[in-house]
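Visitor: I am new to this structure. Please take one part, look at it closely, and then show me what lies around it.

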Amino acid sequence: MPKQLSFLHAADLHLDSPFKGMARVPEAIFKEIQESTFVALNRLAETAIEKQVDFILLVGDLFDNEQQSLKAQVRLRDVFEKLRRHRIQVYMSYGNHDYINGNRYPIVYPDNVFVFPDETVRSFVYKKDGQQLAAISGFSYQNRAVLTNKAMEFAIDNERIPFHIAMLHGSVHSNTDHDKYAPFYLSELQEQHVDYWALGHIHKRAVLFEHPPIIYPGNIQGRHRKESGEKGCYYVEMNEKETKTSFIPLQAIRFEAIAIDIAACHQIHQLESVIQNTFTAKLDPGPQLISLLLTGSSGEHRQWETEGMITDIIELMNESFIERVNWLYIYQHRLDKAVNHTEEMLKQGEHFFGELIRQADQASIQPFVKELYQHREARKHLKRLSATEEEMIKQKAKEYLLQELLHHGGESV
């Protein structure tokens, strides 16, 4: 009888993520955003059942932070119960966001779930029809950070087992874009006698190597503009001759960063047409949150922005977009770097404008909003600003100030 198996590889579920910076979208959409990680989780389970896989690998950061919400754990347990009824096993590890010692209220999962209990690399053996078919190795973060190289601890204990799979939540030594946890060199993974490396921690999917497959599936649901595009898991089919992998999207809501050239727009109504035509041509079906960059901007466009005309156009378009079944929503927009060209030149100067810009860059907006947040009635309705929101407010204020100063007295610079 040929030896073969299939499984799904997912990581970084970040269930019940708070989605910082999204609180100002319409309430109905915000509720969908809050539910999106759970929708993606359900799609993961549905895919596993449809594909009749043998098991699922979940490689760390199942929850968004160490204070795991009870809601997230119960929802995950319910999904595991559903998988148990379909005889699908789950192998899971904890990462830097859901480390074991940070969970004060751990929940018991059904017996089809196998959890790596600590930072020692150990193996579970998957059996099918009484036959030992796969050794699945891994470890969990007990504390917030694992800073040691764990790659060389994945030793093969039983060579008679046909397939060897390793689960590693960590980053390549050369990766400077993320916190460096459980760092490894790609060559170390290639040297091991492992048939499939199931990685986690990096939210952008990537196939680091094909033979054997060394894969980051990315997260299953994007949470901000830097996590754009399709999000999901890998479907893996293994036999004694080959391993086939394919990506399956799971996201409930897709984040997209769209750039539109508005150089030819000389009247504000033209902006609406350009945005509408671009969205029709570029965007795929499905709910989408859009970060919009307007390129080719001029002084005329900056004036529109200062006077709030661009914001008005976008709000009107959003009112139309959110009525669709597969809704769209522009949750932020900005003009391109050309808007800041004058600012960058002025910033270098030893004059009033240069000093003004340098001081503005270093200033915090907190002293200016402090009284508002201390107001007895206002603070009931206000949510704390995220760092991103504070920066956007500061940048818009700076642009408005420069626009007014230059408009009325720019010749003296």
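Guide: Start with helix α1, residues 27–51. The helix has 25 residues. From its first C-alpha to its last it reaches 36 Å, close to the 36 Å expected at 1.5 Å a residue. Keep in mind that the model is predicted. Now look for glutamate 35, where α1 bends by about 45°. Next, see which residues of α1 are buried: Ile29, Phe30, Ile33, Ser36, Thr37, Phe38, Ala40, Leu41, Leu44, Ala45, Thr47 and Ala48.

Just after α1 comes glutamine 52, with a positive phi of about 55°. In the loop between β1 (4–10) and α1 lies phenylalanine 19. Phenylalanine 19 also has a positive phi, near 50°, though the residue is not glycine. Its relative accessibility is 3%, so phenylalanine 19 counts as buried.

Histidine 201 is another non-glycine residue with a positive phi, here near 110°. Find histidine 201 in the loop between β8 (196–200) and β9. This histidine is buried, because its relative accessible area is 8%, under the 20% cut-off.

Six strands form an open sheet in the order β5-β6-β7-β8-β10-β9, with mixed pairing. At the edges stand β5 (122–128) and β9 (206–210). Each has a single partner strand, so one side of each is left without a neighbour in the sheet. From one strand to the next, the twist averages 15°.

β9 pairs with strand β10 (residues 213–216) in the antiparallel sense, over 4 bridges. In one of these contacts, glutamate 210 has proline 213 in β10 as its bridge partner. Proline 212 lies in the loop between β9 and β10. A cis peptide bond joins histidine 211 to proline 212, with omega about 5°.

Now turn to the rings. A search of the whole structure finds 16 aromatic pairs. One of them brings together phenylalanine 80 and tyrosine 109. Their ring centres are 5.2 Å apart and their planes stand at 80°, so the pair is edge-to-face. This pair links distant parts of the chain, 29 residues apart. Phenylalanine 80 is in helix α2 (residues 70–85), while tyrosine 109 is in the loop between β3 (89–93) and β4 (113–115). Phenylalanine 80 is buried, with a relative accessible area of 2%. Tyrosine 109 is buried too, at 13%.

Tyrosine 234 and phenylalanine 247 make another pair. Here the centres are 5.6 Å apart and the planes at 65°, so the pair is edge-to-face. Tyrosine 234 is in strand β11 (residues 232–239) and phenylalanine 247 in strand β12 (residues 243–249), 13 residues apart. Tyrosine 234 counts as buried at 7% relative accessibility. Phenylalanine 247 counts as buried at 19%.

Arginine 205 lies over the face of its ring, at 3.8 Å from the ring centre. Elsewhere, lysine 150 lies over the face of phenylalanine 139, at 5.1 Å from the ring centre.

Finish with a cluster. Ring pairs link Phe7, Phe55, Tyr91, Phe114, Phe116, Phe124, Tyr126 and Tyr196.

Terms used. Residues are numbered from 1 along each chain as its sequence is written. This is a predicted model: local features need pLDDT of at least 70, side-chain atom pairs count only at pLDDT 80 or more; totals for chains, interfaces and linings use all residues. Side-chain values use heavy atoms; hydrogens and water are left out. Rings of Phe, Tyr and Trp (its six-membered ring) pair if their centres lie within 6.5 Å; planes under 30 degrees apart count as stacked, over 60 as edge-to-face and the rest as tilted. Helices (H or I, at least four residues) and strands (E, at least two) are DSSP runs, numbered from the N terminus. Buried means under 20% relative accessible area, exposed over 50%, partly exposed in between (1.4 Å probe, protein chains only). A charge sits over a ring if NZ of Lys or CZ of Arg is within 6 Å of the ring centre and within 35 degrees of the ring normal. Two strands pair if DSSP finds at least two bridges between them. Axes are lines fitted to C-alpha atoms, for helices over the stretch in contact, and angles run from 0 to 180 degrees between N-to-C directions. The expected span of a helix is 1.5 Å times one less than its number of residues. The bend at a residue is the angle between axes fitted to the seven residues ending there and the seven starting there.
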